[in-house]
Amino acid sequence: MAHISSRTTIVFIVVALVCAFIPAFSVEEAEAKSLWDTCLLKISPKCALDIIGVVFENLTITDACCHDLVQEGKMCHDTLIKYIAEKPHLVAHETEYLSKSDALWTHCVSISQTA
């Protein structure tokens with residue numbers, strides 16, 4: 001039970017950090033909880049922020065985070081990025097962010113295949 005509780009705590013930390021990182025991020029609560037519960041179980045809060053940073057802030061990602069991203073799965077990655085990219089102050093650049101998201105996925109898959 002402590003393991004589930006610590007995962008729940010980590011999920012809420014990621015949500016709080018994402019909200020601080022991108023202030024307009026506000027997904028309907030039930031949708032957000034479902035997304036976090038199903039998609040962010042295999043990834044650390046730091047890697048989640050790194051992934052968001054690569055797509056929305058032109059930051060870099062470590063090989064370890066790439067492995068976590070690939071383990072998370074493309075559907076979860078795409079869903080998370082799409083939710084953020086659709087926010088009002090970001091939607092004008094949604095195509096750019098989705099393209100960066102696809103490039104990140106391709107990069108991370110290639111990193112994971114060479115390891």
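Predicted model: local features only at pLDDT ≥ 70, side-chain atom pairs only at ≥ 80, totals over all residues.
**The chain as a whole**

The chain has six helices and zero strands, so its pattern along the sequence is written α-α-α-α-α-α. It counts 115 residues, of which 41% are buried. Among the contacts with a separation of 6 or more, 76% are between residues 24 or more positions apart.

**Cys66 and its surroundings**

Leaving aside residues up to four places away in sequence, Cys66 touches Ile61, His107, Cys108, Ile111 and Ser112. Another residue to look at here is Val109: in sequence Cys66 and Val109 are 43 residues apart, while their C-alpha atoms are 7.4 Å apart in space.

**The disulfides**

| Disulfide | S to S distance | Torsion about the S-S bond |
|---|---|---|
| Cys47 and Cys65 | 2.0 Å | about -80° |

Take the pair of Cys47 and Cys65 to begin with. The torsion about their S-S bond is about -80°, so this disulfide is left-handed. It links distant parts of the chain, with Cys47 in helix H3 and Cys65 in helix H4 (residues 63-72), 18 residues apart. Both Cys47 and Cys65 are buried.

Now for Cys66 and Cys108. Cys66 is buried, and so is Cys108.

**Helix H4 against helix H6**

Two packed helices are described by the angle between their axes and the distance between the axes. For H4 and H6, the axes come within 8 Å and cross at roughly 105°. That makes H4 roughly perpendicular to H6. On the H4 side the contact is made by Asp63, Cys66, His67, Leu69 and Val70, and on the H6 side by Leu104, Trp105, His107, Cys108, Val109, Ile111 and Ser112. By type, the residues of this contact divide into eight nonpolar, three polar and one charged.

**Helix H3 against helix H6**

Helix H6 has a contact with H3 too. How do the axes of helix H3 (residues 45-57) and helix H6 (residues 94-114) cross, and at what angle? They come within 8 Å and cross at roughly 130°. That makes H3 oblique to H6, and the crossing is right-handed. From H3, the contact is made by Ile51, Val54, Val55 and Phe56; from H6, by Tyr97, Lys100, Ser101 and Leu104. These residues divide into six nonpolar, one polar and one charged.

**His77 in helix H5**

A histidine from another helix is worth a visit. His77 lies in helix H5 (residues 74-85). Is His77 buried or exposed? Its relative accessible area is 1%, and because the cut-off for buried is under 20%, His77 is buried. Not counting residues up to four places away in sequence, His77 touches Ile51, Leu69, Glu72, Ser101, Leu104 and Trp105. Some of these names have come up already: Ile51, Ser101 and Leu104 take part in the contact of H3 with H6, while Leu69, Leu104 and Trp105 take part in the contact of H4 with H6.

**Asn58 in the loop**

Our last stop is a loop residue. Asn58 is in the loop between H3 and H4. Its relative accessible area is 56%, and because exposed means over 50%, Asn58 is exposed. Most residues other than glycine have a negative phi. Asn58 has a positive phi of about 60°, although it is not a glycine.

Notes. Residues numbered from 1 in each chain as written. Heavy atoms only, no water. Helix = DSSP H or I, 4+ residues; strand = E, 2+ residues; numbered from the N terminus. Buried < 20%, exposed > 50% of the residue type's maximum accessible area, 1.4 Å probe, protein only. Contact = heavy atoms within 4.5 Å. Axes fitted to C-alpha atoms, helices over the stretch in contact; angles between N-to-C directions. Parallel < 35°, antiparallel > 145°, perpendicular 65-115°, else oblique. Left-handed = near helix turned anticlockwise from the far one by under 90°. Nonpolar A, V, L, I, M, F, W, Y, C, P; charged D, E, K, R; others polar. Disulfide = S-S within 2.5 Å.
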